[in-house]
Amino acid sequence: MMMGSDENETGLSGVPLGIKNKYSELTKVDFDDDDGANDDASHHHHQQKRSASTKKYVLACAIFASLNSVLLGYDVGVMSGAIIFIQEDLKITEVQEEVLVGILSVVSIFGSLAGGRTSDIIGRKWTMALAALVFQAGAAVMTLAPSFEVLMIGRLLAGVGIGFGVMIAPVYIAEISPTIARGSLTSFPEIFINLGILLGYVSNYAFSGLPAHINWRIMLAVGILPSLFIGFALFIIPESPRWLVMQNRIDEARSVLMKTNENESEVEERLNEIQEAAGNSNADKYEEKSVARELLSPSPALRRMLITGFGIQCFQQITGIDATVYYSPEIFRQAGIVDKSNLLAATIAVGVTKTAFIMVAILLIDKLGRKPLLYISTIGMTICLFSLGVTLSVLGKGPIGILFAILSVCGNVAFFSVGIGPVCWVVTSEIFPLRLRAQASALGAVGNRVCSGLIAMSFLSVSDAISFGGSFFTFSAISALSVLFVYKLVPETKGKSLEQIELLFQTDDLGWKGGQVALGDVEHLVQKE
């Protein structure tokens, strides 16, 4: 008989071998537990490294994709001061001044309209590159312009480039971002618009001491610099995974999602969702109804999306933000500031405020939600615009009038930056189905740019007719209407995937009555599907 074959047999230590075997098993289990604990710790460490790497990568993509937005912001900021010296150098009239300022927004319509279709053909990434190239050409022409007519040609080119950039950046970021951080990341273009405005104001102040025939040219030339960085960015940022799926480049899409999602298990789930949406898209390509025709004769769900997207874009501009930013020197002059350097210094305060408060929105948009920020923003803007109207109509010129004018303008841009400024672009990039997203977002951008152009090109003339105070009373009334619009027609999209958000608009009950809907309701719908 082999030693130890009997469970009751004792070993050399006097301990029954059966019991020893049990101890051996326990010891083995203990070692196995230790190995398991080590594996868990190793996996946790690997997951933390992956999470940190993913966050940095997605952040870098959002920053580089937002560089085109600096161009728009810089133009808005720099023209508010440069126009003073252009008027002096080229001897242009007030009407020509309005046209010069406002034409960029109007012409950007064509860039935005073309951008939707272009990005579906050549991709989101290369559409951003095209935007930068067209803007560079326009900025170069403006810098060297010997006359008003040539300056207008440069403005036309720059406007088309900005139209491309404004439309594509939020779409690209929304499509590449993980759900949990999509709101804050999609707000990045608005951050960079504000940063551009501030840089424009600083440029005005820095170069205002130079001769009038040189300073405005340098101010405009500096705007070329941000677009140069976009060339570098193209070597870093990937193409949108959703666009890649639409082109049946599934492996490339999976590779991008592996870089932009922290949890590997979520990659396949997200890829399947996108493929399902794209599958419907590709099937629809063979239907008689084209994307353009579908947008022109939309289904009830798509109509609700278009009203929400187009409406919030228009309200962002018709509440007068571009009048406040483009013509802030004129507003402060009406309040009593006379010296040009003091006027430009006061505008820097506006730029700093606008940029600082956009950071508040970034911190809160994925925690507090889109809709609460819109309420805070629109109500605050209504109060500040009314206050500015009272200041310019009643207080008149003097230290008190100047103080209240600066506070009212800064308050208005602060509330704008906290809510409707960034949230407008976030909501528009989130609500449309995949196959319509680029072109429907382009329509929203068109509405935004049309309203911007109309305000910029008419503000001085309207203010001459009804006074500056009267103009801001009008803006205040429109802002009050925007509060009602947000309450009735804007759903809360926080914490939902793009594919889940699409379901919010499928029935009248979900996301439409007051715009509130629980995520559980959406998941219930998904299960039903």
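How many aromatic pairs does the count come to? The count comes to eight, where rings of Phe, Tyr and Trp (its six-membered ring) pair if their centres lie within 6.5 Å. One of them joins Phe-459 and Phe-468 edge-to-face, at 5.4 Å centre to centre and 90° between the planes. Planes over 60 degrees apart count as edge-to-face, those under 30 degrees as stacked, and the rest as tilted. Phe-459 and Phe-468 are both buried, that is, under 20% relative accessible area with a 1.4 Å probe and protein chains only; over 50% is exposed, and in between is partly exposed.

The model is predicted, with pLDDT of at least 70 required for local features and 80 or more for side-chain atom pairs, while totals for chains, interfaces and linings use all residues. Residues are numbered from 1 along each chain as its sequence is written, and side-chain values use heavy atoms, without hydrogens and water.

Helix H2 spans residues 67-90 and bends by about 40° at Met-79. Helices are DSSP runs (H or I, at least four residues), numbered from the N terminus. The bend is the angle between axes fitted to the seven residues ending at a residue and the seven starting there. Of the 24 residues of H2, 21 are buried, so the helix is largely enclosed by the rest of the structure.

Elsewhere, Leu-364 lies in helix H17. Leu-364 is partly exposed, with a relative accessible area of 32%.

Definitions and conventions:
Helices (H or I, at least four residues) and strands (E, at least two) are DSSP runs, numbered from the N terminus.
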